[in-house]
Amino acid sequence: MSEPNTKSGRPTTHGCISLHASGIEGEARVALLPEHVRLLVEDGWVVRIPPSLSAGVAVGDAEYAVVGASVTREAAPDPGRPSLDIFVSPPSQDTILALPEHTTVLGFLDPFNRPDLVALLAERGLDSVSLELVPRTTIAQSMDALSSQGNMAGYAAVIAGVARLRKILPMMSTAAGTVRPARVLVVGTGVAGLQAIATAQRLGARVTAYDVRAAAKDQVESLGARFAKIEIGETSEVAGGYATALSDEQLDRQRQQLSDLCAESDLIITTAQVFGKRAPVIVTGEMVARMRPGSVVVDAAIATGGNVEPSMLGEEVEIDGVVVMGDPNLSSRVAVDASRVLGANIVSLLKHIVDPETGRVVDVGGELPDPIASAVLLTRGGEVRDERVRSTLPQHGPSAPRSEGSAS
Ligand code: NAD
């Protein structure tokens with residue numbers, strides 16, 4: 001623990017951070033760029049990365065070495081040293097099994113959809129930190145990786161859709177006549193949806209948008225888009241701004257009223273999600289069939305089940321001339337900037353939740369546990385701490401926390 005840090009000359013007080021390549025095909029993002037590694041090395045971390053990790057963002061190994069990272073394929077040199085293993089996407093079971101005993105696993109762990117991994121992390125007694133569980137509070141904003149990646153995905157959804165549209169978005173007056181602006185419909189106006197609206201507006205489209213949350217109307221209109229009026233009765237929000245699931249009847253009413261809007265749209269971007277649950281089906285096959293051939297639908301909620309009935313995970317399907325895109329990893333299309341903001345989120349989170357004395361996530365067992373550390377710490381000591389995640393596990397196991405408050 002007192003080995004000198006070659007970059008800063010100060011003694012190392014933290015442990016060893018290892019970055020891992022994503023197991024997901026086509027994932028170009030990395031958890032830390034050299035600018036982030038520099039900050040962590042200065043803080044006393046030893047940072048290890050596998051060779052060619054960042055080819056997807058066109059950053060070479062030498063750039064990591066210059067800021068003090070060690071570029072190596074070997075396992076961490078000192079298994080007794082606290083180690084933090086960072087993943088952009090959920091690690092495989094084999095990877096988890098191979099991690100040393102005192103490891104903290106951090107990353108997008110997809111806790112609501114990967115009960116197998118959650119159970120294994122708990123069984124192995126590892127600490128794990130899920131980026132999906134960062135609370136939506138002012139102080140945690142700089143750590144909110146779901147939002148930073150949602151922003152990137154909203155932008156990328158519009159660019160990807162436009163590239164398949166074979167039409168321009170803005171009105172264009174030329175000597176040969178006037179081209180009318182394309183009509184874009186955005187369903188779900190959280191972080192990704194608002195960015196999609198802003199991007200389509202900048203490109204000159206006529207944008208209409210819809211969300212169940214009452215606050216969404218003002219947010220949509222402040223971007224210059226039209227808010228679609230859809231009557232579905234009472235809706236509620238849960239703490240943190242997230243929407244709750246609609247009833248089947250409300251979803252039916254929503255679909256009926258959205259159908260005409262869909263039919264007249266050139267490009268539809270759907271981003272509607274319900275935290276911890278499957279995304280609602282909002283655009284049915286029938287609604288897609290009513291669209292003009294050449295129109296495009298980008299289902300940006302496909303990673304959590306999708307809002308568009310005929311969309312397929314990771315595929316582009318064509319239905320009567322309408323292209324339906326189901327890319328679950330839109331932010332990877334803009335991997336350089338997505339990694340820039342993701343790395344900043346992770347550095348900010350580590351600075352907040354890691355105890356510099358131990359190199360591990362701070363103790364969350366006291367009377368006044370840090371709310372951010374308490375929320376993001378998914379497993380510790382064999383326990384799954386988040387009650388919402390626990391309830392998705394078979395037989396509601398492994399065990400609930402014994403001496404600590406719930407993370408939810
Ligand atoms: P999300 O990704 O969970 O869902 C996207 C949107 O889909 C949400 O706006 C939701 O209301 C909407 N939606 C759900 N079901 C729908 C349906 N049936 N029909 C239409 N729309 C539906 O949400 P998000 O992007 O994470 O953001 C949710 C809210 O939280 C937003 O208001 C956002 O501004 C806010 N937020 C706050 C903070 C903070 O305070 N630190 C950080 C990030 C986001």
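At what angle do helix α1 and helix α10 pack, and how far apart are their axes? In this predicted model, in which local features require a pLDDT of at least 70, side-chain atom pairs count only at pLDDT 80 or more, and totals for chains, interfaces and linings use all residues, helix α1 (residues 34-42) and helix α10 (residues 335-353) pack at an angle of about 15 degrees, with their axes 9 Å apart. Residues are numbered from 1 along each chain as its sequence is written, and side-chain values use heavy atoms, with hydrogens and water left out.

Two packed helices are described by the angle between their axes and the distance between the axes. Here the axes are lines fitted to C-alpha atoms, for helices over the stretch in contact, and the angles run from 0 to 180 degrees between N-to-C directions; helices (H or I, at least four residues) and strands (E, at least two) are DSSP runs, numbered from the N terminus. Angles under 35 degrees count as roughly parallel, those over 145 as roughly antiparallel, those from 65 to 115 as roughly perpendicular and the rest as oblique. Helices α1 and α10 are therefore roughly parallel to each other, and their crossing is right-handed, a crossing being called right-handed if the near helix is turned clockwise from the far one by less than a right angle, and left-handed if anticlockwise. For α5 and helix α6 (residues 191-202), the axes come within 7 Å and cross at roughly 40 degrees, and the two helices are therefore oblique to each other. The crossing in which α5 passes α6 is right-handed.

Ile-159 counts as partly exposed because its relative accessibility is 35%, where buried means under 20% relative accessible area, exposed over 50%, and partly exposed in between (1.4 Å probe, protein chains only).

Side chains of opposite charge can pair when their charged atoms come close. With a salt bridge taken as a side-chain nitrogen of Lys or Arg within 4 Å of a carboxyl oxygen of Asp or Glu, a search of the whole structure finds 20 salt bridges. One of these is formed by the side chains of Glu-316 and Arg-164, at 2.6 Å from N to O. This pair links distant parts of the chain, with Glu-316 in strand β14 and Arg-164 in the loop between α5 and β7 (172-174), 152 residues apart. Glu-316 is partly exposed at 39% relative accessibility, and Arg-164 is likewise partly exposed, with a relative accessible area of 28%.

A salt bridge is also formed by Arg-213 and Asp-211, whose closest N and O atoms are 3.7 Å apart. Arg-213 counts as buried at 13% relative accessibility, and Asp-211 is buried with a relative accessible area of 10%. Glu-249 and Arg-253 form a further salt bridge, with 3.8 Å between the closest N and O atoms. Glu-249 is exposed, with a relative accessible area of 53%, whereas Arg-253 is partly exposed at 32%. Both residues lie in helix α8 (residues 248-263), four residues apart, about one turn of the helix. Elsewhere, salt bridges that share partners join Glu-35, Asp-337 and Arg-340 into one network. Arg-340 is found in helix α10 and is partly exposed, with a relative accessible area of 35%. The C-alpha atoms of Arg-340 and Ser-148 are separated by 9.6 Å, although these residues are 192 residues apart along the chain.

Two aspartates have backbone angles of note. Asp-110, in the loop between β5 (103-107) and α4 (115-123), has a positive phi of about 50 degrees although it is not a glycine, and counts as partly exposed at 27% relative accessibility. Asp-320, in the loop between β14 (316-319) and β15 (322-325), has a positive phi of about 45 degrees, again without being a glycine, and counts as exposed at 59% relative accessibility.
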